[in-house]
Amino acid sequence: MNRWGFAQVGFAGLTRPQELVADLRLEEVYTRPERLRSGAGRTLQHWAGRLAAKHAVLRLLDVAPTAEHLRGAEVLPRPAANCRRDAGCAHGHPPAVRLVGDLAKLAAEREIRISISHTGDRALAVALISARLPEDEVPR
């Protein structure tokens, strides 16, 4: 496992999320919650940022970017402890990654943090190993 992973996804000249994943289907790369979150009036850079984060996590874990692995790194906003789950929150939330399957076993009990940024034609993401922090404990 690496100490950090970085990735960028270009989207200049692209018009549809499908173009970001080339020969794969969106359903093979993005989980249903990711597709719902990204499809709700979001821009192409939102899809690209999520994909860049997935690639950064896979580089951190030193695994190939297969469809199974990309889908196994789910990138969604991290709910804050002070937000109610029954209402929309007015505060932004940092992105978080949830690993499933073999990826979860690779990460073991380590916390992976991600950061996503965009420019006019590309999305950038970094993933790194972190200690667990108090804000990681979200009430259920």
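View 1. Of the contacts between residues at least 6 apart in sequence, 62% join residues at least 24 apart. The model is predicted. Its secondary structure comes to 5 helices and 5 strands. From the N terminus, the order of elements is β-α-α-α-α-β-β-α-β-β. The chain has 140 residues, and 36% of them count as buried. It exposes about 8300 Å². Carbon and sulfur atoms supply 52% of that area.

**View 2. The largest nonpolar core.** This core has 32 residues. L20, V57, L99 and I112 have the most contacts inside it. Helices α1 (26–29), α3 (44–61) and α5 (102–107) each supply at least two of its residues. Which element gives the largest share? Helix α3 does, with 11 residues. In soluble globular proteins, nonpolar side chains tend to be buried together.

**View 3. The surroundings of L20.** L20 is among the residues with the most contacts inside the largest nonpolar core. Its neighbours within four places in sequence are left aside here. Beyond them, L20 is in contact with V9, G10, F11 and L14, among others. The list also includes Y30, L44, W47, A48 and L51.

**View 4. The aromatic pair Y30 and W47.** The structure holds 1 aromatic pair. Y30 and W47 form it, edge-to-face. The ring centres are 5.0 Å apart, with 90 degrees between the planes. Y30 lies in the loop between α1 and α2 (32–39), and W47 in helix α3, so the pair ties together parts that are 17 residues apart in sequence. Are the two partners buried or exposed? Y30 has 0% relative accessibility and counts as buried. W47 is buried too, with a relative accessible area of 8%. Both residues are also in contact with L20.

**View 5. Positive phi at A22.** A22 is not a glycine, yet its phi is positive, near 55 degrees. The residue lies in the loop between β1 and α1. A22 has a relative accessible area of 56%, over the 50% cut-off, so A22 is exposed.

**View 6. Positive phi at D62.** D62 is another residue other than glycine with a positive phi, about 60 degrees. Its place is in the loop between α3 and α4 (67–72). At 59% relative accessibility, D62 counts as exposed.

Terms used
Residues are numbered from 1 along each chain as its sequence is written. This is a predicted model: local features need pLDDT of at least 70, side-chain atom pairs count only at pLDDT 80 or more; totals for chains, interfaces and linings use all residues. Side-chain values use heavy atoms; hydrogens and water are left out. A nonpolar core is a set of buried Ala, Val, Leu, Ile, Met, Phe, Trp, Tyr and Cys residues joined through side-chain atoms within 4.5 Å. Buried means under 20% relative accessible area, exposed over 50%, partly exposed in between (1.4 Å probe, protein chains only). Helices (H or I, at least four residues) and strands (E, at least two) are DSSP runs, numbered from the N terminus. Contact means heavy atoms within 4.5 Å. Rings of Phe, Tyr and Trp (its six-membered ring) pair if their centres lie within 6.5 Å; planes under 30 degrees apart count as stacked, over 60 as edge-to-face and the rest as tilted. Accessible areas come from the Shrake-Rupley method with a 1.4 Å probe; for residues, only the protein chains shown count as cover.
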